[in-house]
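Morning, everyone. I have one model to walk through, and I'll keep it quick. Please look at the screen.

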Amino acid sequence: MNYTPTVVFDFDGVIHSYKSGWHGQEVIPDPVVPGIREAIAQLRDKGYRVVVVSTRCSTESGIQAVKAYLSENGIKVDDVCKEKPPAICYIDDRAICFTGRVETLVQQVMDFHSWTEMAPACPTKGLRPCRAIRYEKGEAIEVFGMFHRWGSQYEEFDLGPGNFTTALVEAEDGKVYECVADSVQFLDRGPDIEERR
């Protein structure tokens, strides 16, 4: 008997975009996550067995609702069920990939947000609050906001050109500033943000 590797997909938040949240076991109103149809098709073409799992499938009517959604959206899978079968991997929007680093696991759980929670409805959710310094016409200005990422800047100095790291911070008024990297102080550690201002 030939072995066929199984990949398990969660339904809500992975296939069904779940933008409007829960409306009942058989109500599946939102569009498909862009590109997921093609990804599932590629996996099946490469010989994987694709199974869709959902708590919606606790009843026969829920199973039929999920199957109808998949069919209406041209998504072919090998099975639809409630409980996760053995598989080589599980694709879930509410999962943390365990990397063997136990020391970071508790913080990963505390910081966890699904991609739908970090979507446009709440673009700064999951970002770290910080204070930093930016310069405008030689004047140091303090910025409070949300840290987005590190960047790099290039400038000509008297001694020649130089590259330096910057921090991209979204201020409370919505503007994004390049700030001095070593001026960044993250405010999600220690006392409350308001106490540190």
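Which backbone oxygen lies 2.7 Å from a polar atom of the side chain of Ser183? The backbone oxygen of Val180 does. Before going on, some ground rules. This is a predicted model, with local features needing pLDDT of at least 70, side-chain atom pairs counting only at pLDDT 80 or more, and totals for chains, interfaces and linings using all residues. Residues are numbered from 1 along each chain as its sequence is written, and side-chain values use heavy atoms, with hydrogens and water left out.

Back to Ser183. It is found in the loop between strand 8 (176-180) and strand 9 (185-186). Helices (H or I, at least four residues) and strands (E, at least two) are DSSP runs, numbered from the N terminus. Setting aside neighbours within four places in sequence, Ser183 is in contact with Arg131, Ala132 and Ile133. Contact means heavy atoms within 4.5 Å.

Val180 turns up again in the second largest pocket. Its lining also includes Arg134, Tyr135, Glu178 and Cys179. A pocket is an open set of points on a 1 Å grid over the protein atoms alone, where a 1.4 Å probe fits, with protein on both sides within 12 Å along at least five of seven lines; lining residues have an atom within 4 Å of a point. Strand 5 (128-136), strand 7 (160-171) and strand 8 each give two or more residues to that lining.

Next, Gln25. It lies in the loop between strand 1 (6-10) and helix 1 (36-45). Cys57 is 32 residues away in sequence, yet the C-alpha to C-alpha distance is 8.2 Å. What does the Gln25 side chain join through a polar contact of 3.0 Å? The side chain of Thr59. A polar contact is a pair of N or O atoms within 3.5 Å; within protein, one must be able to donate a hydrogen and the other to accept it, and residues adjacent in sequence count only if both atoms are side-chain atoms. A polar atom of the Gln25 side chain also lies 2.9 Å from the backbone oxygen of Arg56.

Last, two backbone angles. Tyr18 is not a glycine, and its phi is positive, near 60 degrees. Tyr18 is found in the loop between strand 1 and helix 1. Lys137, also not a glycine, has a positive phi of about 55 degrees. Lys137 is found in the loop between strand 5 and strand 6 (139-157).
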